[in-house]
Every structure is written in structure tokens, then in C-alpha cells.
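Hi,

Here is the structure I promised to pass on. Have a look at it first, and then read on for what turned up.

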Amino acid sequence: LRAGRRARTWLPPRRPTLADAALDRAVALAVDGRGPRPLDRSSRPVLVVGAGSMGRLVAVAARGRGLDPLVASRTAARAAAVAAVAGGRPVALDPGPPILAQLSIGVVALSGPWTLGPESRAAILASGAPIIDLSSPPSVPAEVAVALGPRLVTIDDLAALPAIDPGLRSRLEDLVAWTLGEFDAWAARDDDRTLAAALADRAEDARTAELAALWQRMPDLDPGVRAEIERMAADLTGRLLRDPLERLGEDADGGRARLARELFRL
């Protein structure tokens, strides 16, 4: 992760995001019998399945191109929040045949399978819309993926390496070699890995206990709000642990490990 963050600082400041790449590919595939279908505010809507960070990027990018995004999520509150930011409309995770049959584009960014009924699956196939699956592992049902054929684009299809400056390529290759060396050295220090795991477990136990106490105090909390609180708590725990764990990974003489054990009583 540290190497990835460093590499990102070397990239050009103005570059397309994965959301841009997905929409570019989808627009290129959005054709009918007369050739390219014009995509504007008056055209058929774009369905964004997923209300996480990638779904939000896609929905906002679609609106920026003058398209009409529909946002689907397992949690109605999250779909509504992303739709409000993107100037779109929230819909159910399975929007149903009437909506699916009218799609111009579908972009899926879920952490699990996209559950669809038989009629909805048939409607997607009949719509002619290209589907971009940004999920890893894929979220589009396997039988739908097969039936879509070239209308389906996966995240792997978007990952073809573009032309890259030779100087930047050399720096990235050096970074890869250095990172692997650092990882090998860290993997050889079993005590440090055990300590890092113990520290992460201690933080997870504290987070779980605090959330359990909060749910007891607020048993009627809206499920969508509860999910957002859980996500925020997990993100906060990860952010707080990131720097200490990285510093433990750079502990050459064991001094930081001894200090961590003393501070956190591990």
C-alpha cells in the first residue's frame, strides 16, 4: 500500500479515473442497428449498481457527461445519498424489467453478487445495453455474463496497460523491486508479524465492543444509518492503524516493536 501511494504521486495530475474508463468503453459499445446511439439527457438512463466510492465516482462522472444516472444499492439510504450527490435517482438493487429494458448503459461496482430475478435478467439482455462490471470478483451473474457476450466488459478488460513513459516505467520497476525486498525482509521477522496481527486484533475488538454498546443504546436506529456508522468506524480504525503498522514494518532493530508492546500491553 505504501508503494502504491508513492507510485500514484508520480502519475500525471490530469488522468482518467476507472469510472471514466468504464464510461468511455460503455459509450463506445452503446450502439444499435443504425450505428452509435447518442447519449444525452434525453437518452435512456445509465444504471449504476453500487453506492460505494466507485459507484459514486461513476454516477458523478455520468452526470458530468450529461447522462441520467440511476443508482442501485443493497441499502436504500446509500443509493439515495449517492443519487442526491450525482443529481440522479435511487432505485432498488433489482430495479425490475421496466427500468432494465430501457437502459443505455449499466455499470456494476459491488462487493458481492448482483442478485436479479429471471425477468430482470431477460430485460437486460433485451435492452441491448453494454454492461461494465467493475467488481472483483465479478458481480454480474455468470449466465448473464455468458449471454451478454461482447456487451460485457470486466475490470480485467479495462486493465490493459496503456502506453507509458519509459522513465516512469523504469521508476515503477525499481519501486517494485524495492518493495519486494522490503516485504521479504518483513516476512522473515515472524515476531513483528505476530505483533502487527495482535495490534490489529486489539483495535478490532475495541471497535466491535463500542459498536455493540451503541446498538444497545439505539436499538431503533435506521439500518442505512447503522451501516454508514459501521463503515465509518472500520475506516477510522484502518486509518489509525495504518501508520503504526507501517512503522513496525520498518523496524530494523526491534525497538519499535518493544515500544508497541509496552504502549498497548501486547
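Predicted model: local features only at pLDDT ≥ 70, side-chain atom pairs only at ≥ 80, totals over all residues.

D133 counts as buried, because its relative accessibility is 2%, and buried means under 20%. You'll find D133 in strand β7, which runs over residues 131–133. Leaving aside residues up to four places away in sequence, D133 touches V108, P138, S139, V140, L152, V153, T154 and I155. If you want a sense of distance, take A209: D133 and A209 are 76 residues apart in sequence, and 36 Å separates their C-alpha atoms.

L29 sits in helix α2 and counts as partly exposed, because its relative accessibility is 29%. With residues up to four places away in sequence again left out, the contacts of L29 are P130, P150, R151 and V153. L29 and L240 are 211 residues apart in sequence and 43 Å apart in space, C-alpha to C-alpha.

Next, helix α3. It covers residues 53–64, 12 residues in total, and spans 16 Å from its first C-alpha to its last, close to the 16 Å expected at 1.5 Å a residue. Its buried residues are G55, V58, A59, A61 and A62. These lie on the same side of α3, because they cover an arc of only 165° around the axis. As a reminder, an α-helix has 3.6 residues a turn, so residues three or four places apart point the same way. What do the buried residues of α3 pack against? Their partners are α2 (18–29), β3 (46–49), β4 (69–72), α4 (76–86) and β6 (105–108). The face turned away from the buried side carries the exposed residues S53 and G64. Just after α3, G66 takes a positive phi of about 85°.

Finally, the second largest pocket, which holds about 520 Å³ of space. It is lined by 18 residues, and the closest to its centre are L1, R2, L245, E246 and G249. At least two lining residues come from each of α1 (2–10), α8 (166–187), α9 (190–217) and α10 (223–249), with α10 giving the largest share, 7 residues. By class, the lining has 9 nonpolar, 3 polar and 6 charged residues.

Cheers

Note on methods. Residues numbered from 1 in each chain as written. Heavy atoms only, no water. 1 Å grid on protein atoms, 1.4 Å probe; cavity = no way out; pocket = protein on both sides within 12 Å on 5 of 7 lines; lining within 4 Å. Points joined across faces, edges and corners; volume = space filled by probe spheres on them. Helix = DSSP H or I, 4+ residues; strand = E, 2+ residues; numbered from the N terminus. Nonpolar A, V, L, I, M, F, W, Y, C, P; charged D, E, K, R; others polar. Expected span 1.5 Å × (residues − 1). Buried < 20%, exposed > 50% of the residue type's maximum accessible area, 1.4 Å probe, protein only. Arc of directions from axis to C-beta. Contact = heavy atoms within 4.5 Å.
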